Amino acid sequence: MSSDPWGRVDEAGTVYVRTAEGEQVVGSWQAGTPEEALAYFKRKYEGLVVEIGLLERRVKTTDLSTKDALTAIGHLREQVEAHHAVGDLDALRQRLDALTERVEARKEERKAKKARQSEAARKAKEELVAEAEELARSDQWRVAGDRLRALVDTWKGLPRLDRTSDDELWHRFSHARSAFSKRRKAHFSALDTQREQARQRKERLVTEAQALSGSTDWGGTAARYRELMRDWKAAGRAQREHEEDLWQRFRAAQDVFFQARGEVFAERDAEQRENLTRKEELATEAEKLLPVTDLKAARAAFRSVNERWDAIGHVPRDARPRVEGRMRAVEQAIQDAEDTEWRRSNPEVRARAAGLTGQLQDAVDKLRADADAARAAGNTAKAEKLEKELAGRQALLDQARKGLEELG
């Protein structure tokens, strides 16, 4: 018979293990000594210790699932409960119980973590749905479209919720994307229609611009080109592949017209500058007639200058008032001389002037006599009043006499 703190072998070769509940039969050993029997079953115990230690490390350091961990614990517990080993089996039971508690606790932790992750995923998906529904109303087609595609990628990276919740949120998310796509499609369809209408309108404008390119109605055609340009801007943009070609054709037609007009205007400007030089010379010649001393000769000379003036033609618009003003000044001086000569030589004018002078002389004589009489009578106030009136009439008489003298 052999004995050990954790087991013994009786005379019949039966091996026992000591537990808290008493001795338990481990097995029968007939092939060797009792010591060998105990050594064999101790190795079995040590094997269980190793396996339990390995499982404890796996639970602690790896992501072993709860199911696999509990299965492994159950397998080891069966071996411990079978009492086929000699050692502190109660300690192994306690370690397995502690390991079971740890696995269950981790299970709850995982469950709570999963719940938190699920709630976070729900919140994230609700935020994605809310943003997608906001974007569905946007008219920023490129930016909103890019953002919706990014939201899809974000959605795919989030964990699934329970089927009902996930399907409901996905339905809203998908509906928002579809609504945006329909609006964008309708927008660009309408835009395509508008651009086609713009293309057709601009084709007509190009046709008219090309027809006008050979016109020599410089003013009217230039005005019409300005109207065509306003119509062009109002027409809107055609399709990208047509817009540039239409514009080049439209501008080319205008360039033909304006280049031709520019050449004509340049030639005309040169001619008008030459005309200005000639008219300035004539204006200088006319100004030499002043002051008028011989009216008949001045009138004849000015008529000659004026005939040559009219034959010259136009001058630059900005110079016209100045040079024509010089000629008008000479013409006015000659006209004034003619008026003076006419008044001097007109008998009726002289007779009226002489009559007026006589009337004024009579009035002066009478006022002087009345003033002298009033003063002699001692009526000083009346005399002063009459003398003031006399002074005014005398001034008019002096002016009339001067005019009469001028008339000769």
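Is Arg122 buried, partly exposed or exposed? I looked it up in this predicted model: Arg122 has 23% relative accessibility. Buried would need under 20%, so Arg122 goes down as partly exposed.

Next, its partner. I found Arg122 in a salt bridge with Asp162, with 3.3 Å between the closest N and O atoms. Arg122 belongs to helix α3 (residues 89–135), while Asp162 sits in the loop between α4 (141–156) and α5 (163–212), so this pair ties together parts 40 residues apart in sequence. I also checked Asp162, which is partly exposed at 37% relative accessibility.

Then I went to Asp166 and Lys125. Their side chains form a salt bridge at 2.6 Å, N to O. Here too I noted a link between distant parts of the chain, with Lys125 in helix α3 and Asp166 in helix α5, 41 residues apart. Both ends are buried: I wrote down 3% relative accessibility for Asp166 and 1% for Lys125.

For a local case I picked Asp365 and Arg368. The closest N and O atoms of this salt bridge are 3.8 Å apart. The two residues are three apart in helix α10 (residues 347–376), so about one helical turn separates them. Asp365 is partly exposed at 37%, and Arg368 is partly exposed at 36%.

Last entries. I came across a salt-bridge network that links Glu196, Arg199, Glu203, Asp245 and Arg249. For the overall tally, I searched the whole structure and got 34 salt bridges.

Notes
Residues numbered from 1 in each chain as written. Predicted model: local features only at pLDDT ≥ 70, side-chain atom pairs only at ≥ 80, totals over all residues. Heavy atoms only, no water. Salt bridge = Lys/Arg side-chain N within 4 Å of Asp/Glu carboxyl O. Helix = DSSP H or I, 4+ residues; strand = E, 2+ residues; numbered from the N terminus. Buried < 20%, exposed > 50% of the residue type's maximum accessible area, 1.4 Å probe, protein only.
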